[in-house]
Amino acid sequence: MSREGVPPLPVSAPAMPFQDAARLSLGDTQLRFNMGKATTTIRAKRYKVVDEMPDWQNLREAGRAIKDRTLRHLDKYLIQLEESVTRVGGKVHWAADAEDANRIVAGIVKSHGAKEVVKIKSLTTDEIGLNEALAHQGIKAYETDLAELIIQLADERSSHILVPAIHKSRAEIREIFRRTLENTEHLGDEPKELAAAARAHLRRKFLTVPVAVSGVNFGVADTGTICIVESEGNGRMCLTLPKVLVSVMGIEKLVPTWRDLEVFLQLLPRSSTAERMNPYTSFWTGIAPPGDGPDEFHLILLDDGRSKVLADRNGRQALHCIRCSACLNICPVYERTGGHAYNSVYPGPIGAILTPQLVGVENAGSLPYASSLCGACYEVCPVKINIPEVLLHLRGEVVRHKQATLAGKLSGENIAMQTVARVFASPRRYEAAQKAGRLGQKLMVKGGVIERLPGQLGGWTAVRDVYPIAPQTFREWWKQREKVSNTKTVPRQEARP
Amino acid sequence: MRVSLFITCFNDTLFPNTGKAMVALLERLGHQVEFPMGQTCCGQMHYNSGYQRESLPLVRHFVDVFRDAEVVVSPSASCVSMVQEVYPRVAAEFGDESLRREVAALSPRVHELSMFLVDVLGVEDVGAYFPHRVTFHTTCHSKRMLHIGEAPQKLLRKVRGIDLVELPRADECCGFGGTFAVKNADTSIAMLSDKIRCVLDTRAEYCASADNSCLMHIGGGLHRQRAGVNPIHLAEILASTDEDAPAAKEVRS
Ligand code: SF4
C-alpha cells in the first residue's frame, strides 16, 4: 500500500520499542503527576457507579455474547447494514484500508466544493490519519471535542482514547490556547474560561463549515441507525448543522439489532466516564427531513486489517472493544508511562493487543510485552476481553516469528530459553544446574544478597537486590531429612526450620 | 490426607524456608507430606515469555511427576494458576489427546496453600503465633487468576499476637511480572517504587504475601533501600508457633 507524500500515520509500526519510549515518559514529572491524578480519580468514580449495578456481571456477559455472535456472522450483518442504510437514503462505501477510506472522504468533500470539515472526536479517523490525508488535499479538518482540539492545536498526539489531553495540566492548556486562538491574551486557567475560549472558536466553524465527519460507536444492522455517544454536545452540533455528514465505521462496530444497544449503553458510560448515562447519545437513520439536519449521508465501512484480526481465533476478541478506556485507567503500566509510549492511537492494554494485530506482530513486537500481566484490565473490561490471554498469544506469535529467522534462532534469548527448558525437563540436569549456579554466584554474593547482575539482567539490579541460590535447597534439605528419618537416629521434627 | 508438595523451582532454589514451613505446618495439622523428587518447574517463565511450545515438555513432566497424587499443594499462586488455567491451553494447542485428558484430571487437584487450608480443609486457625506487625500484599495472580479471595486474611486474622495492618493499594501490581521486570526494567522500577512507598507507610515489620516471586521483587527493593522491612511468605507466618517465635525473625536472614 503506498502512502507516498502522506505524513506518518498514527497506526503504523511504532517508531520506537515500548521500553525505550516508556523511558522518556517515566522521567517526565509533570506527566507522572497528571496521569496518576487523573487515573486515580476516574478509577474511584468508576468503582462507585459499577458497584451500584447488581447485574453488572450479567451485563458484561451479555455484552461479550452479543459481540461474539456478531463477529461470527459479521459478513451477514454487514450486508444487512448496507441494505438498511441504503433503504433510508444513505450511501454506503466499502474501504479496504486507510488509503481507500481517506480517498473516499476527500472525494465527497471535494464534490461539494468544500475546503473545510468539522469533526466529531473519532479514533477510527485518527487510525487512518484522516486529518493529515485531507490536509494533503488542501482540506482543513477542525476537531470539535475540547480535548481533541487541544491536541490538534498543540500539534501533538493523543495519549488516551477518551481523554486525549489527559497528560496536560490546565496551565499547559491555557498556554496552547493563548498561542493559537484569537482574543485570548487575558485567558485564565479556570476550566470555565478555557471551555468558553474553545466554544467561541468552535461556534464560528459549526455555522460555516458544510461537511461534518464522524466515527461510529454503534451501527445497527436491522434499522441502519448510527449511534454516537459523547459528553460535550459538540458532536450533536456537527450532526445537525452541516449539509453533508460522513461517518467512518470500523466494521466491528456493528450490533445486529436496536435492542442490543440496551446492553452497551449501560456498559459504556459507567466504564468510560463513570457516569450512569451518557450526556449526549445521538442516533441518526438515513437523511433528515429538509432543514432538520444533513441532506446527504455517507457511511464508510472500514476494514484496515480488521478481517485479518477476525481470522485469528485467539486474537479476535480484541474486536469486541467498545473503546470505553477502562483498561487504560486501571493499567499500572499505562498510569506510569502515559499513552505516547505505545506509539499508536490505541494505547494502554487494548492498544497492546490491537495495534500488533492491525500492523503485524513483526512490526510491533514490543507491545505484547508492555504488561506485567496483572490482569486488572480483564477484570474491568465491560465486554470481558481477556486481554492477558491475548497478550500471551501474541507473545507466542512474536517468538514464532523470531524463531523463523536464523538471527532469531541464534539470539541470546532464544538460546537461553531453549537451554533452560532442556534443564527443567530433567530433574538430574536441574539439580546439577542448581549446584553449578551456587558455585557461579560465589563471587557475587555479598551480605546475603547479590547487588549486581551482568548483561540484560542488570536492569533488575538497578534498584533491587537479588536473593541468591540458597546454601541448602529445599530438595537437599528434604533428602537429608529422609535419610535422617530412615536411620531413625533423630526424631523427624528436629529437621524443622 | 496424603499431600504432595509442589515447591516450585523458584522456592526450591531461592526460598527453601517456605517449603520447610509448609512441611511443618501441614504435619502439625496431621497430614502426611511427600515431596516427589522428580519435580522441577511448571513452565510459566517459558509460556509467559512467548516460548510456548517450549513449555510443553515441562507440562508433560509435571503430569508425569504428579499423576498419582491425591492432592498437590503449592506455596505459589502464580504457578498454581499456570497449572489450572494455562496447562489445558498448552495441552490443547501443542499436546495430544492423552495429555489433554491427564491435564484435565490433574489440574483440579492442584491447590494454592491458603485456598487448600481454607476452602478444601475448612481450617482457619492453624495454631500459629507471630507477634509482629504485618502487612499483606495481594498478588495479582492470586487475586485475579486464582480468585483466592479472603483466604489469606482469614488465616492471618487467626494468628495469635499478630498486628495485621492493611496495605494501601494492596491489589495493585508490584511491577514484577516475570520477564517484564527485565524487559521493561524502567517501568517496573516505577511501579515498585510506588509499592514500596505504600509498604513503608504501614510501618510494618513484615510484608507478607502468598507468592515469593512478588516478594522477591518487593523484598529486593526494600533490601536495597535498607528499609528494615522483611518480606515473608504466608506459610512461614502460619508455621511459626510459640516455641519457635524467637527464631521467626531469622526466617529470612
Ligand atoms: S478493551 Fe475493554 S476495557 Fe479496554 S477500552 Fe476496550 S472495552 Fe474498554
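Biologist: Which residues lie nearest the centre of the largest cavity?
Modeller: This is a predicted model. In it, A:Cys331, A:Pro349, A:Ser371, A:Ser372 and A:Cys377 lie nearest the centre of the largest cavity, which has 17 lining residues.

Biologist: Which elements give two or more residues to that lining?
Modeller: In chain A they are helix H15 (332–337), helix H16 (348–359), helix H17 (376–380) and helix H18 (387–403). H16(A) gives the most, with 3 residues.

Biologist: What volume does the largest cavity have?
Modeller: About 110 Å³.

Biologist: And how do its lining residues divide by class?
Modeller: There are 13 nonpolar and 4 polar residues in the lining of the largest cavity, and no charged ones.

Biologist: How many cavities of 30 Å³ or more are there?
Modeller: The count comes to 5. The second largest cavity has a volume of about 90 Å³.

Biologist: What lines the second largest cavity?
Modeller: Its lining has 13 residues, and those nearest its centre are A:Cys321, A:Cys324, A:Cys327, A:Cys381 and A:Ile385. By class, 11 of the lining residues are nonpolar, 1 is polar and 1 is charged.

Biologist: Where does the ligand sit?
Modeller: The ligand sits in the second largest cavity.

Biologist: Which residues are around the ligand?
Modeller: From chain A, they are A:Cys321, A:Ile322, A:Arg323, A:Cys324, A:Ser325, A:Cys327, A:Ile350, A:Cys381, A:Pro382, A:Val383, A:Ile385 and A:Ile387. This shell has 10 nonpolar residues, 1 polar and 1 charged.

Biologist: Let's step back to chain A as a whole. How many helices and strands does it have?
Modeller: Chain A has 23 helices and 12 strands. Its C-alpha atoms fill a box of roughly 100 × 55 × 50 Å along the principal axes.

Biologist: What share of its residues count as buried?
Modeller: Of the 497 residues of chain A, 56%. As for contacts in chain A between residues at least 6 apart in sequence, 73% join residues at least 24 apart.

Biologist: Last topic, backbone angles. What is phi at A:Asp304?
Modeller: A:Asp304 has a positive phi of about 45 degrees, although it is not a glycine. A:Asp304 is in the loop between strand E10 (296–302) and helix H13 (306–310) of chain A.

Biologist: Is A:Asp304 buried or exposed?
Modeller: A:Asp304 counts as buried, because its relative accessibility of 13% is under the 20% cut-off.

Biologist: And where does B:Arg203 lie?
Modeller: B:Arg203 lies in the loop between helix H11 (185–201) and strand E7 (206–209) of chain B. B:Arg203 also has a positive phi, near 55 degrees.

Biologist: Buried or exposed, for B:Arg203?
Modeller: B:Arg203 is exposed, because its relative accessible area is 69% and the cut-off is over 50%.

Methods. Residues numbered from 1 in each chain as written. Chains lettered and ligands numbered in written order. Predicted model: local features only at pLDDT ≥ 70, side-chain atom pairs only at ≥ 80, totals over all residues. Heavy atoms only, no water. Near = heavy atom within 4 Å. 1 Å grid on protein atoms, 1.4 Å probe; cavity = no way out; pocket = protein on both sides within 12 Å on 5 of 7 lines; lining within 4 Å. Sits in = over half its atoms within 2 Å of the grid points. Nonpolar A, V, L, I, M, F, W, Y, C, P; charged D, E, K, R; others polar. Helix = DSSP H or I, 4+ residues; strand = E, 2+ residues; numbered from the N terminus. Buried < 20%, exposed > 50% of the residue type's maximum accessible area, 1.4 Å probe, protein only. Contact = heavy atoms within 4.5 Å. Points joined across faces, edges and corners; volume = space filled by probe spheres on them.
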